[in-house]
Amino acid sequence: MAEVYYFVSDLHVGGDEQLQEAEFESEFVAFLEQLEERDEDAELIILGDAFGLWEFTEVEGLAKFDLLVENHQALFEQLRATGERIEITLIPGNHDAELAGYSAYVERLAAYNVTLDAALSLEREVAGRTVWIEHGMQRDPNNRMPDFGNPRANPLGYFVNRHITSKAGQLSGHGKYNWLKDIQSMTPLEEIPMWILSNYYYREMSPVLRYAALPFLLLFNVSVLYLAVLLLEGSGVLGTQLVTDATTAFLRRLGLAGDLVEFVFAVNAAVVVLLTVISIPLYFLVRDVKRTLERFDLLATDPVAEERDAAYLDAARDVFAEHSDAAVFVYGHTHRASLKWLGERVVVNTGTWLKRLHRVQPRIGILPPIYRPSFRLNYFRISEQGGDVLVEYETVEKEARRELSLLQRLLAERRPPDPEIPERTTIEWSPDDRVESAVREADAGRSVDRRSVDSRSDGDRTGR
């Protein structure tokens with residue numbers, strides 16, 4: 001039993017062609033080197049989706065592992081070196097669930113000093129309390145494994161990755177910019193169509209078309225406002241044409257540029273009128289289709305990704321109810337690092353080491369949204385401090401490549417800041433709680449030295 005535990009997840013190393021690139025690999029190797037050098041009785045637990053085995057479509061079985069080693073030799077050699085100093089445990093996630101389906105993977109990973117524990121969940125003990133560990137795919141209806149350990153029993157998410165994500169990796173290099181491979185960073189899945197539209201407009205569209213359409217899109221909102229003023233003046237509501245006369249006079253002074261702006265206003269006004277006419281019957285059609293989909297329970301009613309974390313909070317409540325001594329519920333899968341309190345216990349999401357894409361709106365016009373890239377490389381460290389459980393959060397600095405075009409940088413709003421996660425969080429356990437838990441364990445037939453439980457001191461709570 002180790003004294004210190006490190007947690008990471010969702011590396012997604014590997015896949016067809018362009019998906020083989022792991023932009024964070026040097027940072028993760030450096031992290032492993034640090035663990036190797038530290039004088040600690042530690043265990044590193046990689047809780048799922050270490051590898052993107054779903055994203056391999058041109059090879060099968062253990063040949064996927066051979067490709068992983070061939071393409072990421074530095075990573076596997078550092079795993080071997082770090083594993084000689086500390087224990088490294090890996091559990092499967094959904095993207096590498098077949099690790100649990102072939103026993104040969106145990107031997108292959110052991111050659112690099114990685115222990116494969118083909119379980120849905122693990123438990124570790126810190127300060128006499130349980131730390132519950134799982135990947136989290138079983139809480140996700142689209143990725144729940146119907147028969148965990150059976151490589152032929154796969155959820156809906158498998159087929160999405162097999163036919164979409166893998167194909168994106170194969171095709172990404174054919175684009176003007178190598179962007180399609182980043183589809184694996186796009187969450188939630190509902191964002192993918194808009195993300196593709198955005199990249200088409202800003203990266204793949206002919207520059208002639210893009211910049212010819214740009215003034216119409218940039219001035220669309222102004223055109224709508226100008227049309228509204230025209231209608232109000234024409235109907236006599238304003239009682240004067242002061243605004244339009246002033247606007248026309250100003251544009252006349254601009255010469256050719258003013259004539260072009262006036263032309264844009266006219267075209268946009270015609271488009272607005274046309275869209276208004278079409279939208280009336282379209283509204284009733286869309287409403288009827290929506291009601292039909294709801295009747296057949298085919299319409300997603302929870303499109304906001306953050307709201308889906310409720311399933312994991314419910315799962316944590318169940319675990320805490322069943323394990324009275326549990327202090328921390330650790331999971332990954334959703335790629336959104338977080339630390340949340342549930343009463344006197346903590347729920348931790350380990351996030352991802354993949355690139356993250358943040359949707360931001362253009363400052364003006366009706367242009368497609370822009371997806372700002374960033375990284376939040378991180379890990380959690382859990383240990384004992386003064387008889388309590390200490391959860392520490394660390395980040396590894398990495399700047400995303402300068403991928404946005406000049407137009408995108410000019411138009412894009414700043415991305416929203418990441419949710420704050422405290423660097424240190426202490427989970428206290430009062431002497432009375434310790435005794436009560438010990439009694440429950442003894443009643444359940446578990447051997448517990450009550451005197452040692454009573455003698456532990458209480459610490460100060462921090463980070464809450």
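Which residue forms a salt bridge with D309? In this predicted model, the partner of D309 is R336, and the closest N and O atoms of the pair are 2.9 Å apart. The two residues are 27 positions apart and link distant parts of the chain. D309 lies in the loop between α10 (256-295) and α11 (310-322), whereas R336 lies in the loop between β7 (326-331) and β8 (338-342). D309 has a relative accessible area of 6% and is therefore buried, the limit being under 20%.

The structure holds 25 salt bridges. One of them joins the side chains of K398 and E27, at 3.3 Å from N to O. E27 is buried, at 15% relative accessibility. In another salt bridge, E60 and R162 have their closest N and O atoms 2.9 Å apart. Here the loop between β2 (42-47) and α2 (63-71), which contains E60, is linked to helix α5 (residues 156-171), which contains R162; the two residues are 102 apart. R162 is buried as well, with a relative accessible area of 19%.

Backbone geometry was also examined. Most residues other than glycine have a negative phi. D10, although not a glycine, has a positive phi of about 55 degrees. D10 sits in the loop between β1 (4-8) and α1 (25-37) and is buried, with a relative accessible area of 0%. A127, likewise not a glycine, has a positive phi of about 55 degrees. A127 occurs in the loop between β5 (121-126) and β6 (129-134), and its relative accessible area of 6% makes A127 buried.

Methods
Residues are numbered from 1 along each chain as its sequence is written. This is a predicted model: local features need pLDDT of at least 70, side-chain atom pairs count only at pLDDT 80 or more; totals for chains, interfaces and linings use all residues. Side-chain values use heavy atoms; hydrogens and water are left out. Helices (H or I, at least four residues) and strands (E, at least two) are DSSP runs, numbered from the N terminus. Buried means under 20% relative accessible area, exposed over 50%, partly exposed in between (1.4 Å probe, protein chains only). A salt bridge is a side-chain nitrogen of Lys or Arg within 4 Å of a carboxyl oxygen of Asp or Glu.
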